[in-house]
Amino acid sequence: MYRISAVVILFVFWLLLSGMFEPFLIGAGAVCAIAVVWIAQRMEVIDHEGHPIHLGWRALTYWPWLFKEIAKSAWDVSKIIVSPRLRVTPQLLRVKTTQRTAVGLVIYANSITLTPGTISIEVADGTILVHALTREGAASLAE
């Protein structure tokens, strides 16, 4: 299942980037996608962590939530930067996680880092050590 979805994703990505819809080029793109997945399979790099298709349906709620959080944080950080009185109050805090898998922990830590004004520093013992630019940002993470 992972191999088939990897071939499909690579081929669709190639098709979107190339914009070429001639039969020969479509066939060449399909052959290249199959060859890349075959080589990756021989290297043993296609697995449930590297290609998490089992998380696909959850992305429908995750991506909109993440984009909303990034936009809110970017607005807050922009207000701090433009403000004549810089209200930076750096905070370090430990955020408890509810994720049970390594993939879930990494996705959550990366989501925190993608959000402007916060950086994940360490993941250990079911918590993430986070540096927040402001007290308000730290408080929103604690929620």
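This is a predicted model: local features need pLDDT of at least 70, side-chain atom pairs count only at pLDDT 80 or more; totals for chains, interfaces and linings use all residues.

User: How do I describe the way their rings meet?

Analyst: Two values describe a pair of aromatic rings: the distance of the centres and the angle of the planes. For F11 and W14, the centres are 6.2 Å apart and the planes make 20 degrees, so this pair is stacked. W14 counts as partly exposed, because its relative accessibility is 28%.

User: What kind of aromatic pair do Y62 and W63 form?

Analyst: That one is edge-to-face, with 5.4 Å from centre to centre and 65 degrees between the planes. Y62 has 23% relative accessibility, so it is partly exposed, and W63, at 42%, is partly exposed too. Ring pairs also join Y62 and W63 with W65 and F67 in a cluster. The structure holds four aromatic pairs.

User: Which residues of helix 3 are buried, and what do they pack against?

Analyst: Helix 3 runs over residues 59-82. Its buried residues are L66, E69, S73, V77 and I80, and they pack against helix 4. Helix 3 spans 34 Å from its first C-alpha to its last, close to the 34 Å expected for its 24 residues.

User: Now the sheet, please. In what order do the strands lie, and is the pairing parallel or antiparallel?

Analyst: In general, strands of a sheet pair through backbone hydrogen bonds, and the pairing may be parallel or antiparallel. Here three strands form an open sheet in the order 1-3-2, with antiparallel pairing. Strand 1 (91-96) and strand 2 (118-124) are the edge strands, each pairing on one side only. From one strand to the next, the twist averages 25 degrees. Strand 2 is joined to strand 3 (residues 127-132) by six bridges, and A124 has T127 as its bridge partner in strand 3.

User: Which helices meet the sheet?

Analyst: Helix 4 (residues 102-114) packs on it, touching strand 1, strand 2 and strand 3, and its direction makes about 155 degrees with that of strand 2. Helix 5 (residues 135-142) lies across strand 1, strand 2 and strand 3, at about 5 degrees to strand 1.

User: Which residues make up the largest nonpolar core?

Analyst: There are nine: L93, V95, A109, I112, I128, V130, A132, A138 and L141. Take I112 as an example: beyond its neighbours within four places in sequence, I112 contacts T118, S120, I128, V130 and L141.

How values were computed. Residues are numbered from 1 along each chain as its sequence is written. Side-chain values use heavy atoms; hydrogens and water are left out. Two strands pair if DSSP finds at least two bridges between them. Helices (H or I, at least four residues) and strands (E, at least two) are DSSP runs, numbered from the N terminus. Axes are lines fitted to C-alpha atoms, for helices over the stretch in contact, and angles run from 0 to 180 degrees between N-to-C directions. Contact means heavy atoms within 4.5 Å. A nonpolar core is a set of buried Ala, Val, Leu, Ile, Met, Phe, Trp, Tyr and Cys residues joined through side-chain atoms within 4.5 Å. Buried means under 20% relative accessible area, exposed over 50%, partly exposed in between (1.4 Å probe, protein chains only). The expected span of a helix is 1.5 Å times one less than its number of residues. Rings of Phe, Tyr and Trp (its six-membered ring) pair if their centres lie within 6.5 Å; planes under 30 degrees apart count as stacked, over 60 as edge-to-face and the rest as tilted.
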